[in-house]
Every structure is written in structure tokens, then in C-alpha cells.
Amino acid sequence: MTAQFRFDNSYARLPEAFYARVLPTPVAAPALIKLNRALATELGLDPDALSTPEGVEFLAGRRVPEGAEPIAMAYAGHQFGGFVPQLGDGRAILLGEVVGLDGRRRDIQLKGSGPTPFSRRGDGRAALGPVLREYVVSEAMAALGIPTTRALAAVTTGEEVLRETPLPGAVLTRIASSHIRIGTFQYFAARGDVDAVRALADHAMARHDPEAAAAAEPYRAFLEGVIARQADLVARWMLVGFIHGVMNTDNMSVSGETIDYGPCAFMDAYDAATVFSSIDAQGRYAYANQPAIARWNLTRLAECLLPLLAGEEEAAVAIAREALAGFGERFNAAFLAGLRRKIGLFEAREDDPDLIQDLLDRMAAGKADFTLTFRRLADAAGPGVDGPEGDGAVRALFEDPAAYDDWAARWRQRLAGESQDAATRREAMRRVNPAFIPRNHRVEAVIRAAVDRQDYVPFEELLAVLSAPYDDQPAFAAYADPPEPDQRVLRTFCGT
Ligand code: AMP
Ligand code: MG
């Protein structure tokens, strides 16, 4: 049985300047760690065929499937605010695009598949730890309902990669609506190649904003579409305590999917200033900075699009400004609506932001766990345990439980004005407040077991738990727990 990919490679039909044609470098002894069978099926691929030795050779880049047109995409990017005119896929190769059973076109990309013309001094390889991290976190995001690239497979290569120490090598097969980044636009804009910017915008629009293509001002509509998706995405991140960690413009997809799981992490105790990334000394990409950074990145995109927005620069700038002004409104509305749902409010009242901020301030002061506070609030708001006696589990999360009590009294007063009954409210809250997130100490434990002991049982178990984040799963209740002080992960790494 052979794995049939029905490729239709629209990106490879763009001009040659958009990419470099390059084949994956064969690896010594590929072995399958994990195949995402459900996703394979969604993509119209046969999971059984992909699990055969031949299928695994495709997933490791040892063989190229028929119809693939492997390319490394060119892109630039602002990294921590500094512009790098040429980055590009240095350790990733796009095999091509398939149209899935749902009619959606998706990229199939190998990450860690060997050097490309964009590798600079890198080896084009990926270590096992970061591959498992991306697999776990991207699939957790998908299960949480947050737009994201997906993980189709992870394989070990049978080769070592040299980082600070030799580490087992691995390849991740990443699936994305596209891999077009803000940095892809910057690559051409920086070269003054307006025709290429236009061709890229037309291509991106066809894939992500077909209605914009038909609008009176298509490029303006496209820009507005990207802005709206990013505003919604960052709000979704923050509502589950996610910190991307490296929101460079090359790590922001115009499709609105979360991309590039490097030093990303979910916070445990609530603190708006949380930073995990070891290389983010200034806290540029801290939890609460994410909307401002997204807007900064989108401003870079708007600059690239200026020549397409209007004939006169002044008019183009005015259009870009107006579109960018929409970011704040959209983000604030999405974030506030999400926070309202998190505390069980169905109706909007003017002083809700104040009520919510009061809770967040108390959580920060009391070092309350972000995820558990909201999850347990659902029970405190439900029938039966409603009232102060239902609050025990929530107040226990605060260093000073009395700080919660004061807020809870205020909250209950507000809830009393809602027309929803308590059971409905509880259910609605449980559907937006996950019990399980990929906690850093769990992800680290998974990586340690795999790298140090070739033990993938913790990986499989964590994946299974995270596939149903809104269910209680009593058998795995410990996965909902925050880390003990000695388990706390303080720093995460890009893993390149
Ligand atoms: P990232 O930090 O993963 O967003 O990557 C930033 C840039 O560095 C991209 O152009 C990557 O392709 C490149 N890069 C990261 N790791 C490697 C590596 N091991 N080999 C070659 N290029 C790499
Ligand atoms: Mg990147």
C-alpha cells in the first residue's frame, strides 16, 4: 500500500524568487513516534499507508512522495524589533499542498528535514525535544479550539543533532492553511519588488480571503482580514493564558493560525508580566504585551501593502491607519467578550470590565492559578454548590483567600441580574474554561522521558488528556494540577 498525496502545489507555481527548490536530506534510520491518524484522514491521506516503512520514509524526508514539489520558502522578518532582510525556511521544506476532504487546502511541511539555501549557519535539523513540544502544544491548541498549525507526524531520524550537547534528531510534519508570514511580505517589500508583493497578496487572498478578492478595494479588505484574525487570535491566546514567546514578524501567519511553537508556554499563576523565553530579556513578548506586539507586526504588514492600497502615498497611509485602528477595537471586544464568558456572564453591563479587572488583580496579588481559578469558578457558579460553601475550591487557590471572598460577593450580585439559570451558566463556563492545558512541567517531563529514556508513554498520555481539555477526566485529574515549587519551569528555549 502506498501513501497517496493528492498534491496541488499553488505556491510552487509562484515566481522563482518566492522560494528555493530543494530536496530533504535523507536521514539514517527513520522511526515513527506518532502519526495523527484523525488529521491524516481529514487530509484525505491513508493513515495505514503512512505508517508503513515507505510512509515513514516520506515523513522523515528520506523519500519524496509523487507529486510533491519540495521548496524552502523565502521570507524576512523583524526579530525582537530588528529587521533581517533574509530568513527563509532554514530547516523546513514545504512538500506541497493537499486539498482535504473538507475542501480546505493545506500545506504539508517537513520541519527538521535538512539544510536549505536559507540555513545560514544552521544545520537544518530539529532536535527531538522541540519536535515533541510543538506536537503537544499545537495539538492542545487545536483541541482548545484555537486556530493553529497542526502536527501530522513526528519521527526520529536515527541521527544526532549537535546543540550544546548531542541530541536525538527528529522531523515534525506540520500542517498549515499556509505558511505565508508577515515576513514573507517584508521579504519582497524590502527589495522594492511591488509586483511580487502584489502577487503574494493575490495568492494569500485566494487562500484566506476569497471575499476580499472580490471587494471594491481588495488589498484593503485583505489587510483588514489579517488584522481581524490576529486580533481574535491573540484574544484567544490570552483567554487560556498562552504566551507565544517569539512573536517576530516571521512567526506571524496571515492565515490567523498560531505558528512557530518555540519558547511558547502557558502560565500557571496569573501574572500579566509573565515571560518564559530565555532570549526575551526585555519582556517584549510578555503575556500582556501580546496585543501591542501584534499591532506593531501588523503595522509592518500594512507598510508592505502601502503601494497596493492607493496610488498616492498619503491616501495609502490613511487607509492603513484606519485599518490598524480597527485592531484595538476588535481585540478589546474579543477579549472582553471572552472574559465575560469565563466568569459566566451572558449579558453585557458597563461595569463588567471593572469586575473582571478586580478579579485579575486579586489573582495576581494572590498568585492564583489562571486555569484552575476559572475552571473552579464554573462549579462555584453552578446549582447546588452555589453560594459561599461552593467557593472553597476557588478560594484555596489564593494566598489570601479573603481577597477572593470579597470579589465573590460582588460577582454573585452581578450574576443575580442575569437571566440564565445556574446549570446553564455552569455548563457554558465549563466549555470555555479548560481543565487541562499543556503545563510546562508536564511538557518538560514528556521531553525528558523521551530524550533520556526513549519512553513515549508520558507523551501519549499527555496528548490523550489534552485532546479533551474541557472534560473532567477524573482518572487524569493530576494533569490539571499546577507544578509544585520544585517542578516549576521558569525558562523555555527556542530549541533551534
Ligand atoms: P525560528 O526562531 O524558529 O522562528 O527561526 C528563525 C530563523 O532561523 C528561520 O529562518 C529558521 O529557518 C532559521 N533556523 C532555525 N533553526 C535552524 C536550524 N537548525 N538550521 C537552519 N536554520 C534554522
Ligand atoms: Mg520561525
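Author: A salt bridge here is a side-chain nitrogen of Lys or Arg within 4 Å of a carboxyl oxygen of Asp or Glu. By that rule, 3 salt bridges cross the interface of domain 1 and domain 2. One pair to look at is Glu 97 with Arg 207. Their closest N and O atoms are 3.6 Å apart, so the pair falls within the 4 Å cut-off. Keep in mind that this is a predicted model.

Now the two parts themselves. The domain assignment of the chain places domain 1 at 11-179 and domain 2 at 183-341. Their C-alpha centres lie 23 Å apart. In contact across the boundary are 37 residues of domain 1 and 39 residues of domain 2.

Next, the area. The size of an interface is often given as the accessible area lost when the parts come together. Between domain 1 and domain 2, about 3,200 Å² is buried. Carbon and sulfur atoms give 60% of that area. On the domain 1 side, three residues stand out: Phe 18, His 78 and Phe 80. Together they supply 21% of the area that domain 1 buries against domain 2.

Polar pairing is counted separately. Between the domains there are 15 residue pairs in polar contact, with both residues at pLDDT 80 or more.

Which elements build the domain 1 side that touches domain 2? Strand 4 (77-79), strand 7 (105-111), helix 4 (128-144) and strand 10 (166-176) each supply at least two residues. Helix 4 gives the most, with 6 residues. By class, this side of domain 1 has 17 nonpolar, 12 polar and 8 charged residues.

Last, the ligand. Around ligand 1 there are 18 residues. Gly 88, Gly 90, Arg 91, Arg 120 and Gly 124 come nearest. For the side chain of Asp 123, an N or O atom lies 3.0 Å from a nitrogen atom of the ligand.

Technical notes: Residues numbered from 1 in each chain as written. Chains lettered and ligands numbered in written order. Predicted model: local features only at pLDDT ≥ 70, side-chain atom pairs only at ≥ 80, totals over all residues. Heavy atoms only, no water. Domains from an automatic or database assignment. Contact = heavy atoms within 4.5 Å. Buried area = accessible area lost by both parts, 1.4 Å probe. Polar contact = N/O pair within 3.5 Å; in protein donor to acceptor, adjacent residues only side chain to side chain. Helix = DSSP H or I, 4+ residues; strand = E, 2+ residues; numbered from the N terminus. Nonpolar A, V, L, I, M, F, W, Y, C, P; charged D, E, K, R; others polar. Near = heavy atom within 4 Å.
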